[in-house]
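Trainee: Could you take one part and look at it closely with me, and then work outward from there? I would like a single connected account that I can follow with the model in view.

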Amino acid sequence: MRIRTAGVVAAFALALAASGCGGGSDEPAAKESPNAAGGKLVIWADDKRTAALKPFAEKFGQDNGVTVEVQAVSKDLQTNFVTASQQGSGPDVVVGAHDWIGNLVQNGAIDPVQLAAEQKSAFNETAIKAVTFNGQLYGVPYAMENLALIRNTELAPEAPKTIEDLVAAGKKLKAEKKASEILCLQSGQNGDAYHIYPLYTSGGGYLFGTTANGDYDPKDLGVGKPESIEAFKKIAALGEKGEGALKRSITAENSIATFTGKKCAYLVSGPWAIADAKKANISYDISPVPGFAGGKEAQPFVGVQAFYVAAKGKNKALAQEFVANYVTTPELAVALYNAEPRPPALTAALDQVKGSDPDLAKFQEAGKNGQVLPAIPAMATIWDPFGKAQAAIIGGADPAKTITAAGKTISGQIK
Amino acid sequence: MSTSLSGPGSAKQAPGREPVGSGLPRTSRTARNHAPITATGLLVKVILLGLTAGIAIWAAFPLVEAERWIGLAVLAATTAGLFYLYLTRRHIPAKYLVPGTLFLIAFQVVPVLYTASTAFTNFGDGHRGSKDEAIVAIQTASVKQVPGSTQYPLSVATQGDPATGPLVFLVTDPQTGAVSVGDAQGLRQLDPGDVTVAPGGKVTAADGYTILNFGQASSRSKDITELVVPTSGGALRSSGLSRAYEGKAVRGYDAGCDCVRDSETGRTWTADEETGAFVAADGERLAQGWKVDVGLRNFARVLTDPAISGPFFGTLVWNFAFAIGSTGGTFLLGMFIALALHSPRMRGTNLYRILLILPYAMPSFAMLLVWRDMFNTDFGLINNLFGLGVDWFGHDWSARLAVILVQLWLGYPYMFLVATGALQAIPRELTEATLVDGASPWQSFRTVTLPLLLVALSPLLIASFAYNFNNFNAIHLTTEGGPFPADNPTAGATDLLITYTYRLAFGAQGAQFGLAAAVSLFIFTIVAVVSAVSFRRTRKQEEVYS
């Protein structure tokens with residue numbers, strides 16, 4: 001009897017201890033906030049940006065007597081954010097690419113941000129356009145990125161004016177055994193719509209038409225139209241059955257490594273490739289991606305990284321304050337640039353870092369005629385079928401038949 | 001009721017404390033049936049029950065907070081049931097069965113039921129929340145700055161207590177410098193003598209008002225976001241804590257017509273409860289929808305949509321071939337090696353065993369990616385090593401062969417391990433007896449060893465089949481389902497049903513969890529039927545050989 005009673009008492013004691021432990025993690029935070037006079041701001045970002053944001057977030061917290069927590073979400077940030085928001089356990093602010101906006105808006109996960117006219121004018125115009133969706137500004141941009149042609153100046157001193165020039169120079173290097181590939185433009189077995197896009201636009205193709213107010217129009221799909229077939233006929237000529245400049249064996253994993261291994265003289269990639277090129281001690285230069293001779297301009301996608309205010313955050317007023325009035329300062333943009341060298345969207349910040357990093361201006365030049373990556377939800381239907389059609393055509397499939405089928409698949413998936 | 005602390009061989013014998021009848025009839029009757037209570041056993045029991053109670057209490061707080069009374073009742077009943085079960089001396093079989101059953105319910109039954117219930121909804125991107133949430137999202141998203149209006153420096157203030165008092169906005173007109181106070185009634189100008197304005201235009205002090213600092217204001221975030229000061233052109237709203245703008249909600253919900261109306265263009269979007277969206281007369285839909293029950297529509301779509309049902313049969317056939325090929329191939333190779341190493345004449349078996357288990361010890365995620373790169377046409381190890389130029393993932397049959405080869409490499413160590421174990425359980429006398437009877441080694445293997453091996457391994461083979469039938473990673477991380485026919489980017493030559501439906505449900509415009517759940521149920525049915533049939537056959541086999 002005694003042991004039985006003792007057992008029950010011990011069980012309950014342990015139960016209380018266990019539940020005490022469970023609550024322990026929440027309690028200090030709950031106690032801290034009243035000390036910090038109430039507010040708490042939770043920011044979600046990926047690993048790299050979390051590290052860059054932390055000091056600034058802490059400073060914002062100290063200056064204003066609030067607690068700021070930056071949490072790293074290393075995988076599937078967008079999906080996790082939408083799911084967590086729905087359950088009411090999401091953050092107040094989230095950092096991510098601008099092409100998430102369409103999906104975040106249709107799930108009611110973010111709120112518009114109201115910037116004053118003078119605040120807006122401090123940003124690169126394209127960046128502001130990228131975060132504008134249905135006539136509303138949904139995020140505050142801080143960095144921009146786009147593709148450019150990076151070339152090994154030892155092998156290819158001159159920037160090619162057209163893709164034909166590039167292929168001729170690349171073929172010559174190959175014949176001289178100085179390189180094994182003409183061009184490193186990643187495709188893989190299932191294609192890569194983002195990287196082929198400059199050539200697609202130069203060939204005359206487009207993804208979505210635009211409405212009167214300049215937004216992308218999901219009803220006007222360019223894939224499968226005669227222009228897109230013409231563009232892919234030109235791309236097919238560069239493919240495995242043609243010049244051999246575009247190959248499915250060049251993938252996201254090996255394209256930069258092949259370039260830094262000096263096996264190809266030309267690489268189509270973005271600012272993220274520069275770190276590797278520097279590490280490999282390659283003498284490189286950056287120029288716009290060339291288009292087809294006599295074709296249109298090659299327009300790369302312009303992507304923007306931005307801060308968003310969560311619609312279901314617990315502290316929306318503070319989140320608005322942080323995003324609209326603090327992220328718009330150049331100091332933060334410069335710090336984020338130092339964490340990862342992508343051109344800042346804030347003109348003042350770009351001017352500040354441009355002097356020490358000549359690559360930035362060249363990337364910006366390459367993206368000057370770029371097109372904003374569509375943020376409409378319909379864009380999600382493009383990537384997979386478009387990429388696969390591209391891979392098939394590079395492999396030698398009939399462009400007209402393949403692109404028509406891809407267009408049909410895409411339009412069938414657009415709601 | 002008294003207890004004996006004596007465990008077998010325990011030094012702490014307590015003589016003279018044998019169970020004595022204490023008035024409860026069952027103690028004396030069942031004393032023989034009770035295992036003696038040991039100190040360790042008691043401690044384990046106390047810790048486990050304590051943890052159970054701890055977890056229950058920890059889980060109860062959020063449930064109470066969210067007012068989920070049904071969940072709380074389930075939690076309380078389960079916990080009380082567990083305590084009763086392990087504190088009573090009765091229900092011995094249940095003590096063994098209940099933990100497993102609970103885990104079965106939590107990790108198998110509930111997810112299956114949840115999937116099944118999702119299959120009858122349109123749950124997915126754009127249809128995640130309730131209709132009310134959609135309406136709020138539409139209205140918030142339509143608040144636009146009034147054209148030509150200015151932004152005002154803002155201070156949040158109150159006439160009462162900073163933590164609870166009703167809030168007002170103190171705004172400064174940037175042109176005139178006039179300070180106004182705004183609340184739900186509207187704006188009133190304040191006497192310039194009563195206020196102190198900082199250089200930026202922000203009000204720092206005002207007679208009769210307490211200005212909230214950022215900390216105080218941010219703890220009242222919700223009140224600030226909800227405070228709307230009506231003006232002639234629209235309403236003043238806060239943009240953060242230091243600026244206010246004049247904005248107007250262009251779209252609003254009208255309960256009368258159950259529709260959303262745009263006050264600028266006059267367009268209306270009527271609620272469609274069938275699809276869970278606001279739809280205009282011309283078919284245009286608002287992006288923000290809500291979750292509705294769609295009945296059997298997801299299932300009907302799987303069966304009737306030619307884009308889904310068309311490639312379904314071909315994919316199913318390959319899916320079976322892949323699962324059978326992977327399971328059969330790994331089993332044959334694993335068993336062959338196990339047999340070879342089982343031979344008494346074999347030397348250095350331990351070294352071989354270690355080497356053979358290596359592929360099993362490496363994370364399959366990483367290995368799949370490595371294999372994918374090894375099959376690369378120009379840069380891959382396989383083509384470079386053998387001087388080939390095969391476009392492995394570019395042709396249907398070479399890609400299929402490649403993924404099965406990868407599965408063979410990844411899977412045979414497991415089969416080798418279990419076959420080794422099963423072989424050691426077969427008495428050598430049996431095979432020796434057949435040899436004495438004059439059977440050839442092949443006959444002996446075919447008629448004695450293999451059937452006995454299969455009795456032991458059949459359940460594992462069925463499990464392996466079911467696993468490979470849905471082996472998403474094996475395809476998604478290598479070929480991604482490709483190569484794809486030029487005219488159909490949705491179904492590739494190496495696609496399994498699971499990778500194919502993943503593309504359908506998540507590759508289109510946002511995730512469609514409802515459709516994905518419906519297809520999962522189809523796959524679940526197929527695997528369940530195949531497994532049930534196989535297990536039935538195995539049972540017959542066991543009856544023959546045991």
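Mentor: For chain B, an unreviewed UniProt entry lists "transmembrane region" at residues 42-63, 69-87, 96-114, 316-339, 351-371, 401-426, 447-467 and 513-535. What you have in view is a predicted model, and two of these spans can be followed in it. Residues 42-63 of chain B are 100% helix and 0% strand, with the end C-alpha atoms 31 Å apart, while residues 351-371 of chain B are 90% helix and 0% strand, with 25 Å between the end C-alpha atoms.

The part for the close look is a pair of helices in chain B. Helix H15, residues 428-436, packs against helix H16, residues 441-469, at an angle of about 145°, and their axes are 10 Å apart; the crossing of H15(B) and H16(B) is right-handed. On the H15(B) side, Leu430(B), Thr431(B), Thr434(B) and Leu435(B) take part, and they meet Ser444(B), Val448(B) and Thr449(B) of H16(B). Is H15(B) buried, or does it lie in the open? None of its nine residues is buried, so H15(B) lies largely in the open. Just after H15(B), Gly438(B) takes a positive phi of about 95°.

The largest nonpolar core has 176 residues, and the residues with the most contacts inside it come from both chains: Ile43(A), Val93(A), Tyr142(A), Tyr308(A) and Val323(A), together with Phe169(B) and Leu170(B). Strand E13 of chain A, residues 301-310, gives the largest share of this core, eight residues. A second, separate core has 34 residues, among them Phe469(B), Leu504(B), Ala517(B) and Val519(B).

As for chain A itself, its secondary structure comes to 18 helices and 14 strands, and 57% of its 415 residues are buried. Of the contacts in chain A with a separation of 6 or more, 76% join residues 24 or more positions apart. Asp76(A), which is not a glycine, has a positive phi of about 50°; Asp76(A) sits in the loop between strand E2 (67-72) and helix H4 (77-87) of chain A, and is exposed, with 10 other C-beta atoms within 10 Å. Asn281(A), also a residue other than glycine, has a positive phi near 60°; its place is the loop between helix H12 (274-279) and strand E12 (284-287) of chain A, and Asn281(A) counts as exposed because it has 8 C-beta neighbours inside 10 Å.

Definitions and conventions: Residues numbered from 1 in each chain as written. Chains lettered and ligands numbered in written order. Predicted model: local features only at pLDDT ≥ 70, side-chain atom pairs only at ≥ 80, totals over all residues. UniProt positions renumbered as here; feature names shortened; annotations may be inferred. Helix = DSSP H or I, 4+ residues; strand = E, 2+ residues; numbered from the N terminus. Axes fitted to C-alpha atoms, helices over the stretch in contact; angles between N-to-C directions. Left-handed = near helix turned anticlockwise from the far one by under 90°. Contact = placed C-beta atoms within 7 Å. Core = buried A, V, L, I, M, F, W, Y, C linked by C-beta atoms within 7 Å. Buried ≥ 20, exposed ≤ 12 C-beta atoms within 10 Å, placed from the backbone.
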